[in-house]
Amino acid sequence: MRDDGFTPIWQAWEAGGPFVGDAAPCSRVTVEKDWWLNLQMQAGSYQKCPIRWFQRIDNSQVETEIPNIKSVSWDRSLDTDAASLTLTIYNTLMLANDDAGSSQHRLGKPGAFTWRVGNAQAVARWGEIPNAEWENVIVVDALLRTYQGYGGREKTLEDAIADGNLALSGVWLIDEVRVKTDATIEVKARDMAKLLIEQPIYPPLVPARLYPHGLRYCRYQWDLETTTSVELLADTGTKRGELRQVGASQSASSDMWGAGATLGHPVHDARMAGHYPHEAFDGNPETYWLSTGNDQVWEPYAVEWIEIASGDYVDTVTVYPWAGNYRCYVSVMQDGAWVDPGNGLIPYDPLTVGRYTGDNAASIPWVVQVGIPWEEPIDIHLGQAFKADKVRVTFTNLYRSAIGPFPYRAGVRELSVGLSSPVTDAVSQQGLVQHDGNYRDYADIITELALWAGFYAFDPADPNGTRDPHVYGNIETTGIADTGSCVTEDQFDKKPVIDAMHIIRDIVGYWIWVDEEGGFHFESPNWFKSGNFRLDGTMTEFIPDIDERVQLTDYSVNYADKSLRSEIIIASDEPTAGFTDTVATFYDPWSPVTTSRQAAKNRWGKLLGTYEDRLSPLRGQVRPMMLLNGVLTNPADQLVMAKRIQTHIQAATFVGSLTCAANPCIGLNDQIRIHEQITAETGIHYVKSISMQHDLDSGSFTMTMTTFRLGDDTGFEVTP
Amino acid sequence: MTVVRWTFFDPFTSDTYTFEVNPKEGGSRQFKRNFAFQATAAADGKTLVFEGRADPQSVDFSGTLLTEAQFDAFQTWWEKRNQIKLTDDLGRESWIVIQEFSAKRERAVHFPWKHSYSVKATVVDYP
């Protein structure tokens, strides 16, 4: 709908004429002689160039007006892929007597617009000279623009357009040119949708580097990736270890020396002067482990140790000493061997002379060496965590106790091991990871195809394409993508662009058309709410009235059941074939309940049996429609499609046809209101097709529209 | 009063033919517009009027030829395939193409070549 900027057209049309004088019908035609389907190699961050364009968004193309137009007629419909134009031109040029080329043998210049004139033989025979201005101009695939409206006949084309007398009614590419001896040229052309019909999806239309796998469109892609995660092997906390054993530096035969202790053989829990090793682990600082005694502190055998069994991660040893000031070594056994960080061995020489000889195996590698304070707990940090089988704490610089004849001893009130920092491990694993694919919305695919085909909106102010590309026209997002499967390349490969677009169109129920100004449109039908959309996608509440007293010359409405269906079935495969992975949606348009898969089978059975739905105009006839579509595997998408189909069925059931004075500002997808008495019509209709005829000789300028009724002021019958 | 004669002028040959006898009738340009009409659907609705192209202007004139030379001259000028300039006794000039020259012989004792004639011409330009 073009409601702004065409005041003379609307004024004349809404008044019903008279279409004379300054409001006389007018059709003018131009040819853009140097048009070319241009390549754009760069468009912002768009990665799939080259794309193509024919239209500069500032309309700065150079057009040459074709004179001598005899008639213009065109048809445009949402049910056909392209609009078609038939143009008749008087193929002669009247010359003034002093013009070069005027002849005493011929009136005017017959054949002036024929693409091929003026070779040597022609000059010899007819005295013609080459017609440089029109040679090779009206030829196949020349680009024409038709401007139509009321008034402006005496104005220049630019002024008539600027004044709103003329509206662009089509941008066309010539299919056929027929030059006839009756001094006319008949031109047949299609609108720019021809670019979508005649160009197949194959390189170089699709960049070769993207062919064919770049034509596979997936909402998501799953990549086999290696991921790294941190696994917690051990958490922090003090774990009180259990006594493993103690080492006896000397043999003992009594309580004073260690009952049960055997020199050179570690014991588990031998008593010493009334104290047991396990008392270092009982949580009671009042009790303690006391080592065997040594006669001198400096003797190399005066080395006592106690071990804790662990089996867990350990990085800290806590010692609460009895007495103190010991030199302490901490050793760790891991995987059955003492950890040897290279510090050397604990200094120890066994006593080999005398009664109390033996080796308590104290000479082992150590991890940490510290001094132990006097009667004060100390945390000994090992510097790292060990998965310790056991931990040994070895004491030297023993305390001179007053216990027994060998007084130098070590003692521990409490001993524990623990973990101050958690122990983790980086775990790598391979798996499928979901990422966004190469489209988010079906409209993205349409956009891409349109750009490749030639509908890039070229901005002469940005010839190098620093901005991301836009389609010349309007593409409405759908909010839909197939999340279940991909649109595969074989569905597009080598097909005309329009066929690929139809795959998407049929899923979402949108329309595809090229408007009067050559813009590409992918939009939902304008039948859910009263009002109209301008070519740029903005909305207006304006709905033109077509009145039986003012413009309407003929109207008929047809009510037919040919398209009606009792049930609409959308399925990924034949639902009765028994395949377990078939996804099917059964939609009853007359009692709109979508059933589950199992219930649908029941419903199907009911349809075959007693079908008593009284809402259907089919009155019980079983006329299902089934669409098998492997792309639609999502029940929600299937339901959307089923409802769209039903809407289109409704549209095909009540079809009106009207003829009225022509108005080039009314277009496809527009709403109009019809007032006609015989058909009792006052409702709002949707324009599905337009056929416009202008005989410039007689002046007859009419349009015939195919419509269907949307509703009236009380509401629309079509709901989204 | 001096009679002003009608003339034909051929721009290519620069020939001029001066009528010996001016036409008896006609000579003024004829103007015509074309209209298309369509009734609207309502019984009390208006009739749509569409203005088409105007027809080319035309000039008709008729008179009498008395001699063979006059007859041959008219035939010669009819045979020209280019525009010729017609100037009438009022000085009105039109570039014309003669569409039709019709002559009908009439009986006259002293003028065996007497014909009544009519010419229809299309105006294609103005000087």
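# A walk through chains A and B

Let us begin with chain B, whose secondary structure comes to one helix and nine strands. Follow chain B along its sequence and you will read the pattern β-β-β-β-β-β-α-β-β-β. With a radius of gyration of 19 Å, well over the 14 Å that the globule rule gives for 127 residues, chain B is more spread out than a compact globule. Please keep in mind as you look around that this is a predicted model.

The C-alpha trace of chain B spans about 65 × 35 × 35 Å along its principal axes. Of its 127 residues, 41% count as buried. Contacts within chain B also reach across the sequence: among those with a separation of 6 or more, 58% are between residues 24 or more positions apart.

Now turn to the place where the two chains meet. Here 27 residues of chain B are in contact with 39 residues of chain A. The area buried between the two chains is about 2,500 Å², and carbon and sulfur atoms give 52% of it. On the chain B side, the residues that lose the most area to chain A are B:Phe50, B:Glu51 and B:Arg53, which together make up 26% of what that side buries.

What polar links cross this interface? The rule finds 17 residue pairs in polar contact, both partners being at pLDDT 80 or more. Four elements of chain B give two or more residues to the side that touches chain A, namely β4 (33-39), β5 (47-54), β8 (93-105) and β9 (115-125). Of these, β5(B) gives the most, with six residues. Sorted by class, that side of chain B has 13 nonpolar, eight polar and six charged residues. Salt bridges are present too, and the rule finds three of them across the interface. One joins B:Asp44 to A:Arg549, with the closest N and O atoms 3.1 Å apart.

Next, step into chain A and look for helix α1 (residues 7-15), where A:Ile9, A:Trp10, A:Ala12 and A:Trp13 are buried. What do these residues pack against? Their partners are in β9 (143-150), β10 (166-180), β30 (545-547) and β35 (654-661) of chain A. After α1(A) comes A:Gly16, which has a positive phi, near 70 degrees.

Is A:Gln148 buried or exposed? Its relative accessibility is 0%, so A:Gln148 counts as buried. The side chain of A:Gln148 makes a polar contact with the side chain of A:Trp74, at 2.8 Å.

The last stops are some backbone details in the loops of chain A. Most residues other than glycine have a negative phi, and most peptide bonds are trans. The bond from A:Cys49 to A:Pro50, however, is cis, with omega near 10 degrees, and A:Pro50 lies in the loop between β2 (38-40) and β3 (51-53). Another cis peptide bond joins A:Tyr211 and A:Pro212, where omega is about -5 degrees; A:Pro212 lies in the loop between α4 (194-198) and β12 (220-234).

Two residues other than glycine have a positive phi here. For A:Asn325 the value is near 60 degrees, and this residue lies in the loop between β16 (304-322) and β17 (327-334). A:Ala680 has a phi of about 55 degrees and lies in the loop between β36 (671-675) and β37 (684-695). At 46% relative accessibility A:Asn325 counts as partly exposed, whereas A:Ala680, at 65%, counts as exposed.

Methods
Residues numbered from 1 in each chain as written. Chains lettered and ligands numbered in written order. Heavy atoms only, no water. Contact = heavy atoms within 4.5 Å. Buried area = accessible area lost by both parts, 1.4 Å probe. Salt bridge = Lys/Arg side-chain N within 4 Å of Asp/Glu carboxyl O. Polar contact = N/O pair within 3.5 Å; in protein donor to acceptor, adjacent residues only side chain to side chain. Nonpolar A, V, L, I, M, F, W, Y, C, P; charged D, E, K, R; others polar. Rg over C-alpha atoms; globule rule 2.2 N^0.38 Å. Buried < 20%, exposed > 50% of the residue type's maximum accessible area, 1.4 Å probe, protein only.
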